[in-house]
Amino acid sequence: MKKKYFTPNELAKELEKLVANKDKLSTKPEISDWLTRLYVIAGKLTIAQKACREHRFTGAAAETVRLFLDEFPSTMVWLHQLAEEKIAMLEEK
């Protein structure tokens with residue numbers, strides 16, 4: 001089985017779509033599906049972060065990777081906050 005690699009651009013687009021839809025959720029199934037997508041993206045970000053730490057990058061790629069790694073903790077905290085907000089919505093419904 002061939003490994004599927006994802007690029008930072010692909011992850012950014014997925015995250016952008018997810019955030020754009022967060023205020024349109026009105027039912028428990030919609031919120032549950034949204035949360036599933038959020039956690040899949042968080043998992044992909046974690047895999048990307050681990051892969052970046054395992055390789056040596058040089059030049060422009062090294063700077064991009066450094067920025068990604070620097071932003072990783074705050075991004076994960078932000079995703080967690082989004083999840084908490086939607087879980088609270090589930091409990092209200």
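Reader: Let me start with one residue. In which helix does E71 lie?

Author: E71 lies in helix 3. Keep in mind that this is a predicted model.

Reader: Is E71 buried, exposed or partly exposed?

Author: Look at the relative accessible area. Under 20% is buried, over 50% is exposed, and the range between is partly exposed. E71 has a relative accessible area of 48%, so it counts as partly exposed.

Reader: How many Å separate the C-alpha atoms of E71 and K22?

Author: The C-alpha atoms of E71 and K22 are separated by 22 Å. Along the chain, the two residues are 49 residues apart.

Reader: Step back to the whole chain. How many helices and strands does the chain have?

Author: The chain has three helices and zero strands. Read from the N terminus, the order of elements is α-α-α. The C-alpha trace spans about 50 × 35 × 20 Å along its principal axes.

Reader: What share of the residues in the chain is buried?

Author: Buried residues make up 26% of the 93 residues. Contacts can be read by separation along the chain as well. Take the contacts with a separation of 6 or more: residues 24 or more positions apart account for 68% of them.

Reader: Where does helix 3 bend?

Author: Helix 3 bends at F72, by about 45°. A proline, P73, follows within four residues.

Reader: Which residues of helix 3 are buried, and what do they pack against?

Author: The buried residues are V65, L69, F72, L79, L82, A83, K86, M89 and L90. F72, the site of the bend, is on that list. These buried residues pack against helix 1 (8-21) and helix 2 (28-54).

Reader: K86 is a lysine on a buried list. What is its relative accessible area?

Author: K86 has a relative accessible area of 2%, so it is buried. The place of K86 is in helix 3, residues 59-92.

Reader: What lies 2.8 Å from a polar atom of the K86 side chain?

Author: The backbone oxygen of K22 does. Then look at the charged end. The charged end of K86 sits over the ring of W34, 5.9 Å from its centre.

Reader: Which residues does K86 touch?

Author: Set aside residues up to four places away in sequence. K86 then touches K22, D23, L25, I31, W34 and L35. Among these, I31, W34 and L35 are buried residues of helix 2.

Reader: How many aromatic pairs does the structure hold?

Author: One. A pair of aromatic rings is described by the distance of the centres and the angle of the planes.

Reader: On to helix 2. How does its reach compare with what is expected?

Author: Helix 2 has 27 residues and reaches 39 Å from its first C-alpha to its last. That is close to the 39 Å expected at 1.5 Å a residue.

Reader: Which residues are buried in helix 2, and what covers them?

Author: I31, W34, L35, L38, I41, A42, L45, A48, Q49 and C52 are buried. Their cover includes helix 1 and helix 3.

Reader: Why does Q49 count as buried?

Author: Apply the number again. Q49 has 14% relative accessibility, and therefore counts as buried. Beyond its neighbours within four places in sequence, Q49 is in contact with F68, L69 and F72. L69 and F72 are buried residues of helix 3.

Reader: What does E14 touch, leaving out residues up to four places away in sequence?

Author: E14 touches I41 and K44. E14 is found in helix 1. Its relative accessible area is 26%, so E14 is partly exposed. From E14 to V40, the C-alpha distance is 10.0 Å, for 26 residues in sequence.

Reader: One last case. Does G59 count as buried or exposed?

Author: G59 is at 57% relative accessibility, so it counts as exposed. G59 lies in helix 3. G59 and I31 are 28 residues apart in sequence, and their C-alpha atoms are 42 Å apart in space.

Terms used. Residues numbered from 1 in each chain as written. Predicted model: local features only at pLDDT ≥ 70, side-chain atom pairs only at ≥ 80, totals over all residues. Heavy atoms only, no water. Helix = DSSP H or I, 4+ residues; strand = E, 2+ residues; numbered from the N terminus. Buried < 20%, exposed > 50% of the residue type's maximum accessible area, 1.4 Å probe, protein only. Polar contact = N/O pair within 3.5 Å; in protein donor to acceptor, adjacent residues only side chain to side chain. Contact = heavy atoms within 4.5 Å. Phe/Tyr/Trp six-rings, centres within 6.5 Å; stacked < 30°, edge-to-face > 60°. Lys NZ or Arg CZ within 6 Å of the ring centre and 35° of its normal. Bend = angle between axes of the 7 residues up to and from the residue. Expected span 1.5 Å × (residues − 1).
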